[in-house]
Amino acid sequence: MSMVPQQLMTGLWREFRGKARHGAVALAATAALLAGLTGAWGPDGGTYRPDGKTGSTEAALRIVPAGWERPARRWAFPFDPPAAPQGDGNQALAVNTTDDSLTYSAEFDLVWADDGKPIATRNEAYAFANCAGCTAVAVGFQVVLVEHQPDVIAPENHSAAVNYNCVECHTHALASQLVLTVGCGLSDATMEQLSALWDEIDEYGKNLEDVPLSGIQARLEAYKAQIIAIVHADPKATGHGGTTSTETGTGKFPIT
């Protein structure tokens, strides 16, 4: 699961090269054209339709100078933004700077480590808010299954929920991680069970907006218990042991 990127469209300028005596007519025509486009497409980004109405299935044409780029969103907090996840890292990042709104980020990740290399994967959930009457929620869930146990297993699990210059705002962050060694491998039947369960978990992660954070945490703990039970029931998974780590944050760090 990933956060959705915003598309940016650019248009082309058209240059009127008419004679001087036609200048006033050209300017008037240009103004009328732009006014017509504004009414046809509207400020909401809907697409043009012959009846003058708008839809939201495609991005609208915008007339802007060639090479123009939308300015980057201002970072409103007195600390640097978290670094992007590296390698097998998983990160949920919810940043809300819009009054009376909800920003939600949920990232669920399954990692299969079978190369014997050190395990140092990171699972992170960050919720930051700088607005009024707003909410930011981040949920990061990661499961790491380790085959051929390496010499070093040092996973990291982090969460932070920060309110900065907020009025009646809420931030909630939940980072939940399971790292489980599975010995020399799993049977096909066990792999099928895990695959089916992960499909269920992944689908659950797509619809969390109306679920209380306590309910999400309880469900994720239940999923972790199911994964452990499936692995432990496999006779091929010899010499396995597991570690779990959960860290949560709920509006912990108000900064004013």
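**Figure 1. Glu168 in the loop between β7 and β8 of the predicted model.** Glu168 lies in the loop that joins strand β7 to strand β8. The model shown here and in the following views is a predicted one. The backbone of Glu168 adopts a positive phi of about 55°, although this residue is not a glycine. Glu168 is exposed, and its relative accessible area is 68%.

**Figure 2. Asn165 in the loop between β7 and β8.** Asn165 is found in the loop between β7 and β8, the latter strand covering residues 170–181. Asn165 is not a glycine, yet its phi is positive, at about 50°.

Figure 3. Strand β7 is formed by residues 156–164. Seven of the nine residues of this strand are buried, so β7 is largely enclosed by the rest of the structure. The term buried refers here to a relative accessible area under 20%.

**Figure 4. The pairing of strands β5 and β7.** Strand β5 comprises residues 122–129. Strands β5 and β7 run in the parallel sense where they pair, and eight bridges connect them.

**Figure 5. Helix α3 and its buried face.** Helix α3 is built from 20 residues, numbered 213–232. From the first C-alpha to the last, α3 reaches 29 Å, which is close to the 28 Å expected at 1.5 Å a residue. The buried residues of α3 are Leu213, Ile216, Leu220, Tyr223, Lys224, Ile227, Ile230 and Val231. Viewed down the helix axis, these buried residues of α3 fall within an arc of 125°, so they line one face of the helix.

**Figure 6. The protein chain as the setting for the close-up views.** The protein chain contains three helices and ten strands. Along the sequence, these elements follow the pattern α-β-β-β-β-β-β-β-β-α-α-β-β. The chain has 256 residues, of which 37% count as buried. Among contacts in the chain with a separation of 6 or more, 77% are made by residues 24 or more positions apart. The protein chain exposes about 15,100 Å², and carbon and sulfur atoms supply 54% of this area.

Technical notes. Residues numbered from 1 in each chain as written. Predicted model: local features only at pLDDT ≥ 70, side-chain atom pairs only at ≥ 80, totals over all residues. Heavy atoms only, no water. Helix = DSSP H or I, 4+ residues; strand = E, 2+ residues; numbered from the N terminus. Buried < 20%, exposed > 50% of the residue type's maximum accessible area, 1.4 Å probe, protein only. Contact = heavy atoms within 4.5 Å. Areas by Shrake-Rupley, 256 points an atom, 1.4 Å probe, with all protein chains shown as cover. Pairing = 2+ DSSP bridges. Expected span 1.5 Å × (residues − 1). Arc of directions from axis to C-beta.
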